[in-house]
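Student: Hi! Could you walk me through this one before I set anything up?
Tutor: Happy to, let's take a look together.
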Amino acid sequence: MENNIDKTQVRDMFDGIAESYDFLNHFLTLGIDVRWRKQAIKRINQKEQCNTIVDVATGTGDLAIALAKACKPKQILGIDFSQEMLNRAEPKVIKQGLEQIITLQQGNGEALTIEDNYADLVTIAFGIRNFQNPDKGLSEFYRILKPGGQLIVLEFSQVKQPLLRILFQFYFKQILPAIGKRISKHPEAYNYLPESVNQFAEGQEFCDMMCKAGFHAVQSKPLSFGIATIYWGFKTV
Ligand SMILES: C[S@@+](CC[C@H](N)C(=O)[O-])C[C@H]1O[C@@H](n2cnc3c(N)ncnc32)[C@H](O)[C@@H]1O
């Protein structure tokens, strides 16, 4: 599976909306994004054994910060290829007094410069659908995980209930892009959001991609009528 949007375009887009990202994220999801990240953290198999965590596509750092509080790990590497997004994460990490635990690094999630078998847990929230080649990303996550380590993916998905789907698609394709464009001043980013979600694999198709990358015991749980889904799986011991 290849995305037809180029990764430089994606990076420039996130650089362009970084300033308004947090506000718009919470505003456009009515704050439910915070609950979704908490739900994703609940799927961690053994929190107390997560000493090394890599949060890929960490953006403005919300999941990395929530993981630091929930798991008390020795180290979290927050990786993102948008320096502007990381620049927004940094003061939040410092404000929480987590700078000894969370290290923010610019990098490409499809070609990580992290050694094999490094992490107890790899997470990615609302990031993988933006990858040029999500299969390559999943293989990288598998490579850097320790045997027995866990991957947790949080990503938008499709609402299945027909009436809710119509209502949600109206919001997602008409209202959200208009508000997003007005506040972020970015002409395209909030049109790209529904397009990228509607084109991306979800449910069983994404579970199959995780299995193909080598993960086992792969499971998924839709959240909020399927607006988002948590996926998780393990590297073979
Ligand atoms: C929608 S934001 C999600 C940020 C954060 N995880 C959250 O939950 O709010 C997507 C992030 O993925 C990053 N991203 C997209 N493709 C990437 C890649 N190939 N490597 C690293 N970061 C990537 C973008 O720069 C952006 O910060």
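Student: Which residues have the most contacts inside the largest nonpolar core?
Tutor: Val-122 and Leu-154 do, in a core of 62 residues. The largest share of this core comes from H1, which gives 7 residues. Keep in mind that this is a predicted model.
Student: What does Leu-154 touch, leaving out residues up to four places away in sequence?
Tutor: Its contacts are Trp-36, Arg-37, Ala-40, Ala-125, Phe-126, Ala-228 and Ile-230.
Student: Switching to the ligand: which residues come nearest?
Tutor: Ala-57, Gly-59, Ser-82, Gly-109 and Ala-125 do, out of 22 residues around the ligand. H1 and helix H3 (62-71) are the elements that give two or more residues to that shell, and the largest share, 5 residues, comes from H1.
Student: And how do the shell residues divide into nonpolar, polar and charged?
Tutor: There are 9 nonpolar, 8 polar and 5 charged residues around the ligand.
Student: Now H6. Why does the distance between its end C-alpha atoms agree with the expected span?
Tutor: Helix H6 covers residues 162-184, so at 1.5 Å a residue its 23 residues should span 33 Å, and the end C-alpha atoms are 31 Å apart.
Student: Where does H6 bend?
Tutor: At Leu-176, by about 35°, and the proline Pro-177 follows within four residues.
Student: Which H6 residues are buried, and what do they pack against?
Tutor: Phe-172, Gly-180 and Ser-184 are the buried ones. The buried residues of H6 pack against helix H1 (7-28) and helix H7 (189-199).
Student: What comes just after H6?
Tutor: Lys-185, with a positive phi of about 65°.

Key. Residues numbered from 1 in each chain as written. Predicted model: local features only at pLDDT ≥ 70, side-chain atom pairs only at ≥ 80, totals over all residues. Expected span 1.5 Å × (residues − 1). Bend = angle between axes of the 7 residues up to and from the residue. Buried ≥ 20, exposed ≤ 12 C-beta atoms within 10 Å, placed from the backbone. Contact = placed C-beta atoms within 7 Å. Near = placed C-beta within 6 Å. Nonpolar A, V, L, I, M, F, W, Y, C, P; charged D, E, K, R; others polar. Core = buried A, V, L, I, M, F, W, Y, C linked by C-beta atoms within 7 Å.
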